[in-house]
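Q: Hey, can you help me get my head around this protein? I'd like to go through it bit by bit.

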Amino acid sequence: MTSADGLTFTVRHNPEALSAERRAELMAQPVFGRVATDHMVMIRYSDEKGWHDAEVSARRPLQIDPAASVLHYAQEIFEGLKAFPTADGGAAIFRPDANARRFRKSAERMAMPQLPEELFLASIDHLVKIDREWVPRTEGGSLYLRPFMFANDAFLGVRPASEYLFLTIASPVGPYFSNGAVTVWVSETWTRAASGGTGAAKCGGNYAASLIAQAEAKQHNCDQVVFLDAAEHRFVEEMGGMNIFFVFKDGSIATPPLGGTILPGITRDSLLTLARERGLTVRETLYSLDEWLADAESGNLVECFACGTAAAVSPIGKVKTARGEATIGSGSAGQVTTMLKNTLLDIQRGRANDTHKWVHQVF
Ligand SMILES: *Cc1c(COP(=O)(O)O)cnc(C)c1O
């Protein structure tokens with residue numbers, strides 16, 4: 001099998017692939033990211049050879065040298081996307097070209113080589129096809145795909161590595177029951193990303209830096225943390241792994257603007273497009289924590305939600321901070337949130353017309 005890029009993938013079926021019975025058992029209760037499929041994709045990169053040795057083979061542990069640069073200096077990026085079951089027994093992926101592009105941008109920021117988009121797309125197609133039996137057919141299920149790349153030089157000097165591994169692994173996930181609205185904690189202690197930093201890159205380091213704030217949120221009995229801007233600790237940016245939207249009494253919606261410190265979510269972009277198409281007034285604008293609390297209190301803010309690939313759209317019912325808390329609207333999923341969520345899910349799952357050609361049918 002050859003990709004558009006000309007690199008040939010060697011395909012070796014896993015001789016120890018799980019039996020249909022064992023697979024069904026594991027897929028009955030898939031915990032997010034815990035269950036592994038039978039295969040993975042791996043492509044090597046070196047300054048000398050460029051991208052080479054592309055393979056689809058048994059999912060297995062990696063062997064890396066203890067001096068591998070990723071373990072010391074964290075040159076690592078990743079993506080997250082889903083293959084959805086389609087009614088005709090196939091599988092489709094939502095906007096994988098956008099993930100391929102973002103992966104290149106993340107690589108650029110982290111001084112890593114840029115994987116050609118055709119190779120990124122060929123990798124996920126290969127994996128979804130060879131692990132096709134792992135695409136859940138149950139209502140709400142999907143196959144989560146995790147492409148990632150890391151620096152693999154066995155060298156402790158600080159510089160961009162000269163060798164990298166790109167891999168894609170997959171994991172079946174069940175329906176994400178998020179009917180209940182979540183409570184978020186706004187951290188005024190920790191920030192996620194500063195101007196000129198790595199906030200717009202999907203890199204593991206951003207997550208490492210966000211975990212202490214997520215722990216702070218848990219201590220306050222909140223589900224998720226929301227970060228403020230690093231310069232003034234005043235404007236809402238995003239959550240640890242999802243973008244955030246506000247819905248006002250006049251029917252308009254707002255989300256913080258991308259400015260280098262926020263991860264440009266593909267779900268965010270899709271919802272902005274769908275909302276505009278449906279005639280909603282949409283603003284990408286700065287919104288302060290003070291405004292958030294005051295608007296929730298006055299009733300000017302009627303809904304709030306977070307969005308990302310993993311949970312699609314997640315209503316936010318309550319916001320808590322060190323200086324107080326506020327319930328948003330009814331405290332549960334509102335009308336606009338529900339409408340946008342259903343519109344998106346219907347396109348992703350092939351139940352609605354895909355006018356933007358966002359859906360890529362794999363098989
Ligand atoms: C991945 C991610 C998102 C959501 O992006 P999607 O493309 O919608 O999945 C939002 N914020 C952060 C920090 C992320 O890493």
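Q: How far is an oxygen atom of the ligand from an N or O atom in the side chain of Thr309?
A: That distance is 2.6 Å. Keep in mind that this is a predicted model.

Q: And how much of the ligand does the protein cover?
A: On its own the ligand has 390 Å² of accessible area, and the protein covers 97% of that.

Q: Which residues come nearest to the ligand?
A: There are 15 residues around the ligand, and the nearest are Lys202, Tyr207, Glu238, Thr267 and Thr309.

Q: What about Arg102 and Met242, what do they do with the ligand?
A: The side chain of Arg102 has an N or O atom 2.8 Å from an oxygen atom of the ligand. With Met242 it's a polar backbone atom, 3.5 Å from a nitrogen atom of the ligand.

Q: OK, switching to salt bridges. How many are there?
A: The count comes to 18. Side chains of opposite charge can pair when their charged atoms come close.

Q: Which residue does Arg95 pair with?
A: Arg95 forms a salt bridge with Asp269, with the closest N and O atoms 2.9 Å apart. The two sit in distant parts of the chain, 174 residues apart: Arg95 is in the loop between β6 and α3, while Asp269 is in helix α6.

Q: Is Arg95 buried or exposed?
A: Arg95 is buried, because its relative accessible area is 13%, and the cut-off for buried is under 20%. Asp269 has 33%, so Asp269 counts as partly exposed.

Q: Where are Glu25 and Arg22, the other pair I spotted?
A: Both are in helix α1, and they are 3 residues apart, which means about one helical turn separates them.

Q: What links Arg12, Glu55 and Arg60?
A: Those three are joined in a network of salt bridges.

Q: New topic: which residues form a nonpolar patch on the surface?
A: Leu62, Ile64 and Leu71 do, with about 240 Å² of accessible area together. Leu62 is in the loop between β3 and α2, and Leu62 is partly exposed at 36% relative accessible area.

Q: Last one. Where does Leu286 lie, and what does it touch?
A: Leu286 is in the loop between β14 and α7. Leaving out residues up to four places away in sequence, Leu286 touches Phe235, Pro257 and Glu291. Leu286 and Glu237 are 49 residues apart in sequence, but their C-alpha atoms are 8.4 Å apart in space.

Terms used. Residues are numbered from 1 along each chain as its sequence is written. This is a predicted model: local features need pLDDT of at least 70, side-chain atom pairs count only at pLDDT 80 or more; totals for chains, interfaces and linings use all residues. Side-chain values use heavy atoms; hydrogens and water are left out. Helices (H or I, at least four residues) and strands (E, at least two) are DSSP runs, numbered from the N terminus. Contact means heavy atoms within 4.5 Å. Patches are made of residues with over 30% relative accessible area and no salt bridge: like charges are joined within 9 Å, nonpolar side chains (Val, Leu, Ile, Met, Phe, Trp, Tyr) within 5 Å. Accessible areas come from the Shrake-Rupley method with a 1.4 Å probe; for residues, only the protein chains shown count as cover. A salt bridge is a side-chain nitrogen of Lys or Arg within 4 Å of a carboxyl oxygen of Asp or Glu. Buried means under 20% relative accessible area, exposed over 50%, partly exposed in between (1.4 Å probe, protein chains only). A residue is near a molecule or strand if one of its heavy atoms lies within 4 Å of it. A polar contact is a pair of N or O atoms within 3.5 Å; within protein, one must be able to donate a hydrogen and the other to accept it, and residues adjacent in sequence count only if both atoms are side-chain atoms.
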